[in-house]
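User: I am new to reading protein models. Please take me through the terms as they come up.

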Amino acid sequence: MKETAGATDGVGRTVEYDAAMAEVVADFRRTVEQSAVRLLALGESERNRRAPGDEGWTPKQIVGHLIDSAANNHRRFVLGQFTSDLVFDGYAQEDWVRVQAYDRADWNTLVALWRSYNLHLAHVMAHAPEEVLRGERAEHTLDRIAFKTVPADRPATLEYLMRDYVGHLKHHLRQIFPHES
Ligand code: NI
């Protein structure tokens, strides 16, 4: 699913978002480490088979898209710690996947980059001060850039954006490994 087309669920106070941030980060790290092992074990034909999903991407393109998501959200997670708003641009996701020719990239390199980039984002999340994470921002673009959007007239938090990032990552991993929770 596109990050710009997620279902609206208000400010995200659903069961999915109730865990403490430390648990979210621990779960995120575990997901990344375990998935990296499983991704590397995929055979050549499995990596290049179209996975279920609106985009019709292969696992290679999905991992590429997740690297793009990591890169775009990296800037948001950093900037959001010293700006008062959460006003960020989206990115043309299909175009990013296309021009980077992820379908022809080396699989081991892609998975290693995906793993390392996400472990760094976990580190960034773990070191963001709680008051910064929880501070409500009236001005934001999460009605457009979030996976599960926040209405423009409701405040958003950096914590929400980080949790939403992990939710998006898991959504795409389920396209590759549909039998996982
Ligand atoms: Ni996506």
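Analyst: Start with burial. A residue is buried if 20 or more other C-beta atoms lie within 10 Å of its own, exposed if 12 or fewer, and partly exposed in between; the C-beta atoms are placed from the backbone. By that rule, 31% of the protein's 181 residues count as buried. This is a predicted model: local features need pLDDT of at least 70, side-chain atom pairs count only at pLDDT 80 or more, and totals for chains, interfaces and linings use all residues. Residues are numbered from 1 along each chain as its sequence is written.

User: What makes Ala 101 count as exposed?

Analyst: Ala 101 has 11 C-beta neighbours inside 10 Å, so it counts as exposed. The residue sits in the loop between α4 and α5. Its phi is positive, about 50 degrees, although Ala 101 is not a glycine.

User: How many helices and strands does the protein have?

Analyst: It has eight helices and zero strands. Both are DSSP runs, numbered from the N terminus: helices are H or I with at least four residues, strands are E with at least two.

User: Why are α3 and α8 called roughly antiparallel?

Analyst: Look at the angle. α3 (residues 59–79) and α8 (residues 158–176) pack at about 175 degrees, with axes 10 Å apart. Axes are lines fitted to C-alpha atoms, for helices over the stretch in contact, and angles run from 0 to 180 degrees between N-to-C directions. Under 35 degrees is roughly parallel, over 145 roughly antiparallel, 65 to 115 roughly perpendicular, and the rest oblique. The pair is therefore roughly antiparallel. Residues making the contact include Ile 62 and Leu 66 of α3 and Leu 161 and Tyr 165 of α8. Contact means C-beta atoms, placed from the backbone, within 7 Å.

User: How do you know that the length of α3 is close to the expected one?

Analyst: The expected span is 1.5 Å times one less than the number of residues. α3 has 21 residues and reaches 30 Å from first C-alpha to last, close to the 30 Å expected. Its buried residues, among them Ile 62 and His 65, pack against α1, α2, α4, α5 and α8.

User: Where does pLDDT stay under 50?

Analyst: Over residues 1–17. pLDDT is the predictor's confidence in each residue, from 0 to 100. The protein averages 90, and 88% of the residues score at least 70. Where pLDDT is low, the predicted coordinates should not be read in detail.

Technical notes: Contact = placed C-beta atoms within 7 Å.
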